[in-house]
Structure formats: C-alpha cells, structure tokens
Amino acid sequence: QVQLVESGGGLVQPGGSLRLSCAASGSIFAINAMGWYRQAPGRERELVATITGDSATTYADSVKGRFTISRDNAKNTVYLQMNSLKPGDTAVYYCYANIMIKPTFYNMNSWGKGTLVTVSS
C-alpha cells in the first residue's frame, strides 16, 4: 500500500558531502514523522535524525552540526544533507515514515530498503 524509496547513497571521501532522498508513494492520506536510521556492519540500527509534520527536528549527537534533515510535504519526500562525512558514518541508511493510510486512516510505520553510504579515501 505504501512504498518508501531511498536514493543518493554512494562512495565519498572523508570530509565530503552527500544528499539522501526518500520518496513515499501509495495510499497516503498524510505523513506524520519521517526520519533516517542507519546500520553499520556488525552494529545495531541507530537513529540518525527525525522530522515531525511541523518540521521539528532531532539529531543523534554523533551527527549534530554536520547533518540536516528536511522534508517537502508536496512531494512526500524527506532529505538528509550530510556534510563533513567521516569513515564512521559508513552504513546502510534507512528511511522511515509514520503514515496515515487511505481509506482506513490508520497510522502505520513504513521503511525503505536502504541505501549504502561509504566514506573512504
């Protein structure tokens, strides 16, 4: 019923930048919170950043000042601008959204399949 598709991952050198995008599609009435999580090899999935429907944001301490989350409600899309990337940022990045679906108006949590970000020289 609902799909989240991420894009924008890739290989970047330390200190570089990437911009991730995640577009939601399907039987969407409204999108509440959206966010990004990441999972590095051998580690648990961790929260990176979230943004509410009113565009209030939260960030993991490890990315504060370097990453910026934003959303375009007209496009049902959330973005993650990542600057000053470090090798420790290497992970698969997953998009998340809490969506009110049609026709039931139930809220459901949806996840994308992930996009790989590799920070290496």
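Predicted model: local features only at pLDDT ≥ 70, side-chain atom pairs only at ≥ 80, totals over all residues.
**Notebook: salt bridges**

First I looked at Lys64 and Asp61, whose side chains meet in a salt bridge, 3.1 Å from N to O. My rule for the term: a salt bridge is a side-chain nitrogen of Lys or Arg within 4 Å of a carboxyl oxygen of Asp or Glu. Residues are numbered from 1 along each chain as its sequence is written, and side-chain values use heavy atoms, with hydrogens and water left out.

How many salt bridges does this rule give? I got a count of 4.

Next, is Asp61 buried or exposed? Asp61 is exposed, at 65% relative accessible area. (Buried is under 20%, exposed is over 50% and partly exposed is in between, with a 1.4 Å probe and protein chains only.)

Then I turned to Arg38. Its side chain meets that of Glu46 in a salt bridge, 2.7 Å from N to O. Arg38 counts as buried at 5%, while Glu46 is partly exposed at 30%.

Which Asp does Arg38 also bridge to? That one is Asp89, with the closest N and O atoms 3.0 Å apart. This pair links distant parts of the chain, 51 residues apart: Arg38 is in strand E4 (28–39), and Asp89 is in the loop between strands E8 (77–82) and E9 (91–101). (Strands are DSSP runs of at least two residues, numbered from the N terminus.) Asp89 counts as buried too, at 2%.

Last entry: shared partners join Arg38, Glu46, Arg66 and Asp89 into one network of salt bridges.

Notes: Helix = DSSP H or I, 4+ residues; strand = E, 2+ residues; numbered from the N terminus.
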